Amino acid sequence: MPVSLPPPKRAEASAAAPARIGAVVGFMAFVELTSGFFQGFVPPLLPSIAGLHGVSAGDIALVVSLQLLAAAVCVPVLTKLGDMYGHRRMLRIALSVVVLGSLLVALAPSYELVLFGRVLTGPLSAWLPLEIAITRDKVQGDAGRRAIGLLVGCLTGGVALGSLMAGPAEDLLGGVRPALLVLTVLAVLAFGCAVFLIPETSARAAQRIDGVGFAGLAVALLLLQYGLSQTSRLGWGSSTVLGCLLGGLVVLAAWAWWELRTEQPAVDLRVIGHRSMWPVQLAAMLFAIALFGSQSPNSTFLATRSGEAGYGFGLDTTGIALLTLPSQIASVIGASLHSRLAARIGLHRTIATGAALLAVGYGALCLAHGSEAAFGITVTLVGLGVGLMSGGFPSLVAERAPAGQTGIAAGIYNTVRTLAGGIAGGLFAVVLSNVLLANSPLPSVEAYRLVWLTCALSGLVAAGLVLLARRRTTD
């Protein structure tokens, strides 16, 4: 007579896998919480970092933009290597480099070393696409979308928590240096999760690394960023500035020519240029302009004393964090609810709604920035839009990725996003360094209005592009 397993044990066995997957997603959620904490913790501290190293409001924007440009280079490298050799393995490498970079930022004796440390934290942006690949390897369908939504929600929640804790950490620990060491401690804990608690993926893609493509992208971005950073000191007519900018554009054109002709490019421009994909990728770049490019300008605006410049509120690190906290909370809510809203109106319309909210918020900020209440209300509207877009874009990319290439697909999305954010940060730094008050080194209020107007227009165009992508996908 055949013997079968008792029903209770079958139930236990069937429940074990989901329980294990839930735990894995939970550990990755902690890693993303740490990532968000990094991103939220630094902007309120930018005025303190500027004061510590004696740099201007325009120069301190490089702390954000250089990290983003470094991410634009290293994210496709790490995600493609993840598709080839394992996403957890690359996640470990990315975490270890960020640990070193965060330690250097905290202890650097000069501003130049601070910037180098921020470059080393570039792999921070690779954490999410690598985790999306791990998630899709373990769980599919609606459960996969919810898991990705949880990761993005923890990312945005970490941004809110980091923004809130920056000021108290600086006050409690006695300065900006020990406060920055908090990031190193968290990165070490996240590294422990990747080493001991997160499993490896099983799917592998037989690919090779496009060394020429990655090197060309890095050289082009460095030339462009260095040229932009020198405009406030040397002027637009300087041979150094013009040489770097023109050289960067030439290298970028040669890089695009190479990428279109190699079989396995560093950044697949053919995928980006597909009729159903280029509107989404361009919308992601415009989203990044508003998301990353405005971080430093918003912080320096809030820290400026009204008696000195005619604008601003003279807030310290804690004050900046508290005023922007509702925006961060709204972002968490938007990211957490994006999947439910997408189930009702569709993923494309959800993302477009977020872009429209972002546009309205920044448009209102151009007019209503004279009081703390007005500033807080407008950026809260922006935060809700950011949450819907932050949650929707990764889900859309992951669902459309071919088998075995989820990592590189998510990496391309992150690359174009961080690339646009880094360039926008550099351009906004130029605006703040050159549109100044009369007889003062401080930026004028018109400089900040120009930044916010650019962000509003970016959100408006992004909404139209996402709806265009939906129509083309439907057709």
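The secondary structure of the chain comprises 20 helices and zero strands, where helices (H or I, at least four residues) and strands (E, at least two) are taken as DSSP runs numbered from the N terminus. The model is predicted, so that local features need a pLDDT of at least 70 and side-chain atom pairs count only at pLDDT 80 or more, whereas totals for chains, interfaces and linings use all residues. Residues are numbered from 1 along each chain as its sequence is written, and side-chain values use heavy atoms, with hydrogens and water left out. Of the 475 residues in the chain, 56% are buried, a class defined by a relative accessible area under 20%, with exposed meaning over 50% and partly exposed in between (1.4 Å probe, protein chains only). Among the contacts in the chain with a separation of 6 or more, 81% are accounted for by residues 24 or more positions apart, a contact being heavy atoms within 4.5 Å.

Twelve aromatic pairs are present in the structure. Rings of Phe, Tyr and Trp (the six-membered ring in the case of Trp) are taken to pair if their centres lie within 6.5 Å, and planes under 30 degrees apart count as stacked, over 60 as edge-to-face and the rest as tilted. The pair formed by F301 and Y311 is stacked, at 5.3 Å centre to centre and with 10° between the planes. This pair links distant parts of the chain, with F301 in helix α14 (residues 295–303) and Y311, ten residues apart from it, in the loop between α15 (306–309) and α16 (317–345). F301 and Y311 are both buried. A tilted pair is formed by Y448 and W452, with 6.1 Å centre to centre and 35° between the planes. Because Y448 and W452 are four residues apart in helix α20 (residues 445–474), about one helical turn separates them; both residues are buried. Ring pairs join F301, Y311, F313, F375, Y448 and W452 into a cluster.

When residues up to four places away in sequence are not counted, W452 touches N298, F301, Y362, L365, C366, H369 and F375.

A search of the whole structure finds seven cavities of 30 Å³ or more. On a 1 Å grid over the protein atoms alone, a cavity is a set of points where a 1.4 Å probe fits but cannot get out, and lining residues have an atom within 4 Å of a point; grid points are joined across faces, edges and corners, and a volume is the space filled by probe spheres set on the points. The largest cavity has a volume of about 600 Å³ and is lined by 34 residues, of which V159, L291, Q295, S327 and Q328 lie nearest its centre. Helices that each supply at least two residues of this lining include α7 (141–173), α13 (278–293), α17 (347–367) and α19 (406–434), while the largest share, seven residues, comes from α18. By class, the lining of the largest cavity has 19 nonpolar, 14 polar and one charged residues, where Ala, Val, Leu, Ile, Met, Phe, Trp, Tyr, Cys and Pro count as nonpolar, Asp, Glu, Lys and Arg as charged, and the others, Gly among them, as polar.

The second largest cavity has a volume of about 200 Å³, and of the 19 residues that line it, the closest to its centre are Q39, Q67, L124, S125 and F292. To this lining α1 gives the most, with six residues, and the residues divide into ten nonpolar, six polar and three charged. Q67 is also among the residues touched by T121, together with V98, G101 and S102, not counting residues up to four places away in sequence. T121 is placed in the loop between α5 (111–120) and α6 and, at 1% relative accessibility, counts as buried.

Conventions: On a 1 Å grid over the protein atoms alone, a cavity is a set of points where a 1.4 Å probe fits but cannot get out, and a pocket is an open set with protein on both sides within 12 Å along at least five of seven lines; lining residues have an atom within 4 Å of a point.
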